[in-house]
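Here is a briefing for a first look at this structure. Please keep the sequence and the 3D view side by side as you read.

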Amino acid sequence: MSAFVEMLPVVVAAWLVLVGLYGIVTTRDLLHAVLCTSLVHSGAWLLLVGVGYGAGTTAPVVDDDLAEGAVLADPLVQALTVTDIVVGVAVSALLLACVVRVQRRFGSLDPSELDVLRG
């Protein structure tokens, strides 16, 4: 049971990344592509959380109430996860702004209908 619980975030993260990549490759809508990019990013967050999780560990907050011999979780993984969330939100906001501009300028979100993108 413990091995299943430890592997579950990795499996779900891999599923999120694969579903997001499939959506990015097969979509014909820029908004859907942005949402699939966020899905891939969510998989990365979940993978980082899964890697940082340790059975029997406590939050890396050292105070007077901390039991002697307590095992602390690695704060680096948590910091990377928070940083990744902030970067992901910023990237999504930028991509959504680009999608709005494309819709207003060309009237379509289908990449195949955007003649400007052809070389």
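Cys36 is buried, with a relative accessibility of 7%. Buried stands for under 20% relative accessible area, exposed for over 50%, and partly exposed for what lies in between, with a 1.4 Å probe and protein chains only. The model is predicted: local features need pLDDT of at least 70, side-chain atom pairs count only at pLDDT 80 or more, and totals for chains, interfaces and linings use all residues. Residues are numbered from 1 along each chain as its sequence is written, and side-chain values use heavy atoms, with hydrogens and water left out.

**Disulfides**

- A disulfide is a covalent bond between the sulfur atoms of two cysteines.
- How many disulfides does a search of the whole structure find? The count is zero, where a disulfide is a pair of cysteine sulfur atoms within 2.5 Å.
- Cys36 takes part in no disulfide, and its nearest cysteine sulfur belongs to Cys98.
- Cys98 is partly exposed, at 41% relative accessibility.

**Fold and overall form**

- Three helices and two strands make up the secondary structure of the chain. Helices (H or I, at least four residues) and strands (E, at least two) are DSSP runs, numbered from the N terminus.
- Their order along the sequence is α-α-β-β-α.
- The chain is more spread out than a compact globule, because its radius of gyration is 20 Å, well over the 14 Å that the globule rule gives for 119 residues. That radius is taken over C-alpha atoms, and the rule is 2.2 Å times the number of residues to the power 0.38.
- The C-alpha trace spans about 65 × 30 × 20 Å along its principal axes.

**Burial, surface and contacts**

- Of the 119 residues in the chain, 20% are buried.
- The chain has an accessible surface of about 8400 Å². Carbon and sulfur atoms hold 70% of that surface. Areas come from the Shrake-Rupley method with a 1.4 Å probe; for residues, only the protein chains shown count as cover.
- Among contacts in the chain with a separation of 6 or more, 54% join residues 24 or more positions apart. A contact means heavy atoms within 4.5 Å.

**Charges**

- The chain carries 5 positive and 11 negative charges, and their mean positions lie 31 Å apart.
- Lys and Arg count as positive and Asp and Glu as negative; His and the chain ends are not counted. Each charge is placed at NZ of Lys, CZ of Arg, CG of Asp or CD of Glu.

- Thr81 sits in helix α3. It is buried, at 9% relative accessibility.
- Which residues does Thr81 touch, not counting those up to four places away in sequence? They are Trp45, Leu48 and Val49. Thr81 and Leu48 are 33 residues apart in sequence, yet 6.1 Å apart C-alpha to C-alpha.
- Asp84 also belongs to helix α3, which covers residues 75-106. Is Asp84 buried or exposed? It is buried, with a relative accessible area of 16%.
- Beyond its neighbours within four places in sequence, Asp84 contacts His41, Ala44, Trp45 and Leu48. Asp84 and Ala44 are 40 residues apart in sequence and 8.2 Å apart C-alpha to C-alpha.
- Val87 has its place in helix α3 and is partly exposed, at 42% relative accessibility. From Val87 to His41, the C-alpha distance is 9.6 Å, across 46 residues of sequence.
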